[in-house]
Amino acid sequence: AGEGWRRPGVRPPPVGRTRGSEILFGVAPCAMALSQARRDVFGLFLRRGSGSQRLSSELVLQAAARGVPVHRVSRRELDALCGGRVHQGVCLEAAPLRFKSLEEAEEPELGRGESPSRQLLWLVLEQIQDPMNLGALLRSAYFLGADRVVTSRRNSCPLTPTVSKASSGAMEVFDVYSTDDLRSFLKAKAAEGWEVVGTVGPSEAVENVPVISCSEFRWNKPIILVIGGEGDGLSLETQLLCHRMLAIPPGRALHPGIESLNVSVATGILLHSICSQKLRHGD
């Protein structure tokens, strides 16, 4: 999948751009990027003469607080800025947002002999390439209470404006980490006492790795939920590092060829299945 739908024949506007910047589009990503100050921001672009006056005033105030110039432009100019995507009357020129390295992660301090909290849940993504899926995954992970998201750096979608829009701005408030060596990371966490849980379809089997329904899974130690990329799912090497596999039971006999869920939908179901146990049995 590409970077989102573009309206044909749209030309870039005659606005000077800061070198290396990108254009965020949509109300939620622009408002969150302004409020969080995780990016350098160079300009706010609002559609001239339309839209919510209250929302516009809030964005202008946020921009003023950060010393960001505000430009009132036509819809055509906004269309051109973001390549014809759905901007809702708002665009923002900003520096790109990068993945954080795991070395930058703040680990909870543990006393001698203390194990990590059994109520920790990290979501690990192996080669998610579609920006719409990545955004939806981040939105679900943020909403449902995952503590951290880690993605494989190789063959994975970067944190683009389309991802931020698909995440409804969650990407702007939720740190996303990446690793060059996913398997070593999983092995290290398993050695620290984490349970590594993968995902398969309801009829799939993995040699030497037990498969259970997500409704039967019980959360009794810190978990890493590993999600595979579109199409092929988890690589065999990653599957073999999992302690267990979770499957989502279907609600009917499935027609051949319609036997799986979209990766972001499946992840939302699995996260809810696990995180609801935290709500019921929280420490």
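1. A salt bridge here is a side-chain nitrogen of Lys or Arg within 4 Å of a carboxyl oxygen of Asp or Glu. By that definition the structure, which is a predicted model, holds 10 salt bridges.

2. D175 and R38 meet through their side chains in a salt bridge, at 2.5 Å from N to O. D175 sits in the loop between helix 5 (161-166) and strand 8 (176-179), and R38 in the loop between helix 1 (27-36) and strand 2 (41-47), so this pair ties together parts that are 137 residues apart in sequence. D175 has a relative accessibility of 25% and therefore counts as partly exposed. R38 is also partly exposed, its relative accessible area being 31%.

3. The side chains of E77 and R48 form a salt bridge with an N to O distance of 3.8 Å. The pair links distant parts of the chain: E77 belongs to helix 3 (residues 75-81), while R48 is in the loop between strand 2 and helix 2 (53-65), and the two are 29 residues apart. E77 is partly exposed, at 25% relative accessibility. For R48 the relative accessible area is 48%, which also makes this residue partly exposed.

4. E237 and R183 are joined by a side-chain salt bridge of 4.0 Å, N to O. Here both partners are in helices: E237 lies in helix 7 (residues 236-239) and R183 in helix 6 (residues 182-191), so the contact ties together parts that are 54 residues apart in sequence. E237 has a relative accessible area of 48% and is partly exposed. R183, at 29% relative accessibility, counts as partly exposed as well.

5. E22, R39 and E172 are linked in it by salt bridges.

6. How much space lies in the largest pocket? The value is about 790 Å³. Of the 32 residues that line this pocket, V200, G201, E204, S260 and L261 are the closest to its centre. Strand 11 (223-228), strand 12 (244-247) and helix 8 are the elements that give two or more residues to the lining. Helix 8 gives the most, with 4 residues. Sorted by class, the lining of the largest pocket has 15 nonpolar, 13 polar and 4 charged residues.

7. L261, listed among the residues closest to the centre of the largest pocket, is also part of a nonpolar patch on the surface. I269 lies in helix 8, which spans residues 263-281. With a relative accessibility of 35%, I269 counts as partly exposed. That value meets the requirement for a patch, because patches are made of residues with over 30% relative accessible area.

8. Two backbone angles deserve a check by eye. Most residues other than glycine have a negative phi. A37 has a positive phi, near 60 degrees, and is not a glycine. A37 is found in the loop between helix 1 and strand 2, and at 52% relative accessibility it counts as exposed. Q88, again not a glycine, has a positive phi of about 55 degrees. Q88 is in the loop between helix 3 and strand 4 (90-94) and is partly exposed, at 48% relative accessibility.

9. Is H87 buried or exposed? H87 is buried, because its relative accessible area is 7% and the limit for buried is under 20%. H87 has its place in the loop between helix 3 and strand 4, the loop that also holds Q88. The C-alpha atoms of H87 and R75 are separated by 9.3 Å, and the two residues are 12 apart along the chain.

10. L61 is found in helix 2. This leucine is exposed, with a relative accessible area of 59%. From L61 to L34 the distance is 10.0 Å, C-alpha to C-alpha, across 27 residues of sequence.

Definitions and conventions. Residues are numbered from 1 along each chain as its sequence is written. This is a predicted model: local features need pLDDT of at least 70, side-chain atom pairs count only at pLDDT 80 or more; totals for chains, interfaces and linings use all residues. Side-chain values use heavy atoms; hydrogens and water are left out. Patches are made of residues with over 30% relative accessible area and no salt bridge: like charges are joined within 9 Å, nonpolar side chains (Val, Leu, Ile, Met, Phe, Trp, Tyr) within 5 Å. Accessible areas come from the Shrake-Rupley method with a 1.4 Å probe; for residues, only the protein chains shown count as cover. Buried means under 20% relative accessible area, exposed over 50%, partly exposed in between (1.4 Å probe, protein chains only). On a 1 Å grid over the protein atoms alone, a cavity is a set of points where a 1.4 Å probe fits but cannot get out, and a pocket is an open set with protein on both sides within 12 Å along at least five of seven lines; lining residues have an atom within 4 Å of a point. Grid points are joined across faces, edges and corners, and a volume is the space filled by probe spheres set on the points. Ala, Val, Leu, Ile, Met, Phe, Trp, Tyr, Cys and Pro count as nonpolar, Asp, Glu, Lys and Arg as charged, and the others, Gly among them, as polar.
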